[in-house]
Amino acid sequence: MSNFQDWSVGIGRESTFGTPVTVNRWLEFTETKMHEIDRGIKQGAGLRPGSRVARSARRVKTIRQAAGDIAVECFSKGLGLLLEACMGAATSTVVSGSTYQQVHTFADVLPSHTIQFGVPNAAGVIRPMTYSGCTVSSFEIGGAVGEIATLKTSWDDRDWTTATAYTQPSYPTGGNLFTVESATIYSGAYTAPTATALASAATPVAGVKDFKVSVANSVLTDRFFMNSNGRKDRQLPGTRQPAVELNVEYQDNSLWDALEADAELALVISLIGGALSTGYETMQIAIPCLKLDGGLPEGGPDAIASQAIKMVGLDNLTQSPLQIITRTSDTAL
């Protein structure tokens with residue numbers, strides 16, 4: 001029996017942009033809020049003697065679109081499809097036994113998805129809202145020591161309907177949450193991941209209190225044309241904009257010197273979960289080329305100096321600018 005707590009959100013990858021599919025992956029999301037709809041309401045402004053208030057007959061709808069966020073805790077199972085939506089492309093390869101590695105990379109065109117929210121009322125009656133042509137416009141992964149790592153995705157949607165039937169959710173069994181105190185952050189000499197090997201870097205970064213990795217996909221969201229019934233064409237990504245923020249207790253001058261020299265840095269952030277048939281559940285963010293935009297030490301009489309490091313991810317033309325790697329027992333994305 002359902003009650004007012006039984007919100008759900010499911011996603012499914014579309015074969016054809018904007019053509020809805022039945023959702024087949026459900027997310028344990030943390031913000032019970034649907035995407036806001038935009039009907040392009042315009043109010044006619046023509047004058048008429050004796051009219052002192054805008055007239056209802058002159059109010060029209062011009063377009064259809066929607067946008068909103070989906071936030072989840074980073075979990076070792078069931079996130080592959082969502083991470084592919086963020087990055088654009090992904091592979092899944094067996095490492096050994098029941099251990100699989102998913103490698104997510106940037107693609108020229110982002111996949112589109114159908115998203116369905118299940119919204120319960122006080123009696124537990126669930127009404128669905130289904131969005132189609134949904135594309136990730138930006139995302140961020142982060143957290144602080146003592147907290148669960150989170151992934152927040154922002155979406156731009158082509159259309160919506162309340163007429164699609166509600167699909168009953170199902171969720172993966174097993175798996176673990178990734179917490180930030182289990183994370184390791186390495187810089188220095190960088191080794192890119194392969195289909196079955198994790199990324200690595202040589203030098204641990206000490207004193208990190210929290211981190212945030214964000215990517216703006218710079219999608220074009222205004223591709224409205226005549227003969228399209230007010231609905232946009234596919235959202236296309238522009239120049240990707242990776243960025244990293246670290247809050248670090250001041251240790252030495254290495255980051256300070258890198259800022260002054262505008263030196264290239266690499267970064268591998270690894271979140272570790274439970275044991276697998278080979279190794280451990282892992283979520284990595286691997287960025288081979290970063291440059292610092294700020295982060296000189298600050299402090300006070302009763303505080304150890306700290307650095308609020310801001311870095312921008314760049315393309316060194318030899319390695320993928322950013323990859324997200326997961327070790328999981330999921331057999332497919």
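Q: How many salt bridges does the count come to?
A: This is a predicted model, where local features need pLDDT of at least 70, side-chain atom pairs count only at pLDDT 80 or more, and totals for chains, interfaces and linings use all residues. Side-chain values use heavy atoms, leaving out hydrogens and water, and residues are numbered from 1 along each chain as its sequence is written. A salt bridge here is a side-chain nitrogen of Lys or Arg within 4 Å of a carboxyl oxygen of Asp or Glu. Go by that rule and the count is seven.

Q: Which residue forms a salt bridge with Asp159?
A: The closest N and O atoms of this pair are 2.7 Å apart. Asp159 sits in strand E12 (residues 159-161), and its partner is 95 residues away, in the loop between strand E5 (59-61) and strand E6 (65-73); strands are DSSP runs of at least two residues (E), helices of at least four (H or I), numbered from the N terminus. That partner is Arg64.

Q: Is Arg64 buried, partly exposed or exposed?
A: Buried means under 20% relative accessible area, exposed means over 50%, and partly exposed is in between (1.4 Å probe, protein chains only). Asp159, at 13%, is buried. Arg64 has a relative accessible area of 22%, so call Arg64 partly exposed.

Q: How many residues apart in sequence are the parts that Lys232 and Asp156 tie together?
A: Lys232 and Asp156 form a salt bridge, with the closest N and O atoms 2.7 Å apart. Lys232 lies in the loop between strand E15 (208-216) and E16, while Asp156 is in strand E11 (residues 150-157), so the parts tied together are apart in sequence by 76 residues.

Q: Which cysteine has the sulfur nearest to that of Cys74?
A: A disulfide is a pair of cysteine sulfur atoms within 2.5 Å, and a search of the whole structure finds zero. Cys74 is in no disulfide, and the nearest cysteine sulfur is 10 Å away. That sulfur belongs to Cys86.

Q: Is Cys134 buried or exposed?
A: Cys134 is in no disulfide either, with the nearest cysteine sulfur, that of Cys86, 13 Å away. Its relative accessible area is 0%, so Cys134 is buried.
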